Amino acid sequence: MRRCLSKLTPRQMGFTNSNSFLVGSKNITTTSNAAQVDQTKPSSVSDMLVDSFGRFHTYLRISLTERCNLRCQYCMPSEGVELTPKPQLLSQSEIVRLAGLFVSSGVNKIRLTGGEPTVRKDIEEICMQLSSLKGLKNLAITTNGITLARKLPKLKECGLDSINISLDTLVPAKFEFLTRRKGHERVMQSIDFAIALGYNPVKVNCVVMRGLNDDEICDFVELTRDKPINVRFIEFMPFDGNVWNVKKLVSYAEMMDKVVKRFPSIKRVQDHPTETAKNFTIDGHCGSVSFITSMTEHFCSGCNRLRLLADGNFKVCLFGPSEVSLRDPIRSGADDETLREIIGAAVKRKKAAHAGMLDIAKTANRPMIHIGG
């Protein structure tokens, strides 16, 4: 009899109302783009984090570096990128100060991104200081997993709560083609090591691109059978230099159709209104499957995310070109109240939704490695 390593709990998966649609002969539930978001502002959230549409921004993504030890095709242009000089990047003390300001205003989740966040030498100290912030409930990281296994025990000790590992193929030769580097085996080891250390679920992010890895979708789903892995299929998104083309996009509906045919017991899980992913379970699987549908079914109505880039620029929408510097005011001696006013004004300018995918592709934005994964 097959033994599951772990089970996901309802709390880990989240809840909200859902609708349904038909894929092949299978009825699949899905959350509407216009999902109703609770408009009752929590007492812990300050007006600084509330936009003009009543969305409460309690999730901050912090890019620690623009450097990376991979060269993924959807993230970095083939010719590379010009990196911001180190003196112009946020220092450890500046990151902690800004994070503390956000948390004291109501942010309860921080995700560390890059580039590749683990290449930053002081990441353990940053994690320790962030995890000690009063009011922070979850400290997460998105990593390519290349050096994670070596650093993870210390990172866990420093308060790292959850992990997303980017992996776009299960074929070593294809991994080298997609990332322009070797390292597939080390990523797989990092996934298993994170599970062994008790992370549940370990989230695996897979950007699906037609003609490159769309033939591996069901192989990725198989990873969830015996291990507490949440595979997250991500629609290919346009950023400067990644040669995005709508023909490369594999839509949520198309991905789901492949999965339903192979795994007919797949069931939708009710999601929290601020959830970016559409989450599913499969009978007999320890893990779960999710779809991030930024291009074909956006989730802007429930967006609660803000971004602090490695150079100190503040971004309220991943696909919006608008940015405002927080580094410059800090280095000019701005006090916390001034910083709150700058942040609050930027949040209030956030639009109801990002543009459609074809318009996004035509809009100047930074490469993903500059923005942070």
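Before we start, one cut-off: a residue is called buried under 20% relative accessible area, exposed over 50%, and partly exposed in between. By that rule E297, at 23% relative accessibility, counts as partly exposed. Keep in mind that this is a predicted model.

E297 has a partner: its side chain meets that of K278 in a salt bridge, at 3.6 Å from N to O. E297 sits in the loop between β11 (288-292) and β12 (305-308), while K278 belongs to strand β10 (residues 277-281), 19 residues away.

Now zoom out. The protein chain has twelve helices and 14 strands, and buried residues make up 55% of its 373 residues. Of the contacts between residues at least 6 apart in sequence, 74% join residues at least 24 apart.

Some salt bridges also span the sequence, and the structure holds 18 of them. Take D336 and R97, whose closest N and O atoms are 3.0 Å apart. D336 lies in helix α10 (residues 336-348) and R97 in helix α2 (residues 92-104), so this pair ties together parts 239 residues apart in sequence. D336 is partly exposed at 33%, and R97 is partly exposed at 30%.

K227 and D192 form another salt bridge, with 2.8 Å between the closest N and O atoms. Here K227 comes from the loop between α7 (217-222) and β8 (229-235), and D192 from helix α6 (residues 184-196), 35 residues apart. Finally, look for K174, D215 and E216, which are linked in a network of salt bridges.

Conventions. Residues numbered from 1 in each chain as written. Predicted model: local features only at pLDDT ≥ 70, side-chain atom pairs only at ≥ 80, totals over all residues. Heavy atoms only, no water. Helix = DSSP H or I, 4+ residues; strand = E, 2+ residues; numbered from the N terminus. Buried < 20%, exposed > 50% of the residue type's maximum accessible area, 1.4 Å probe, protein only. Contact = heavy atoms within 4.5 Å. Salt bridge = Lys/Arg side-chain N within 4 Å of Asp/Glu carboxyl O.
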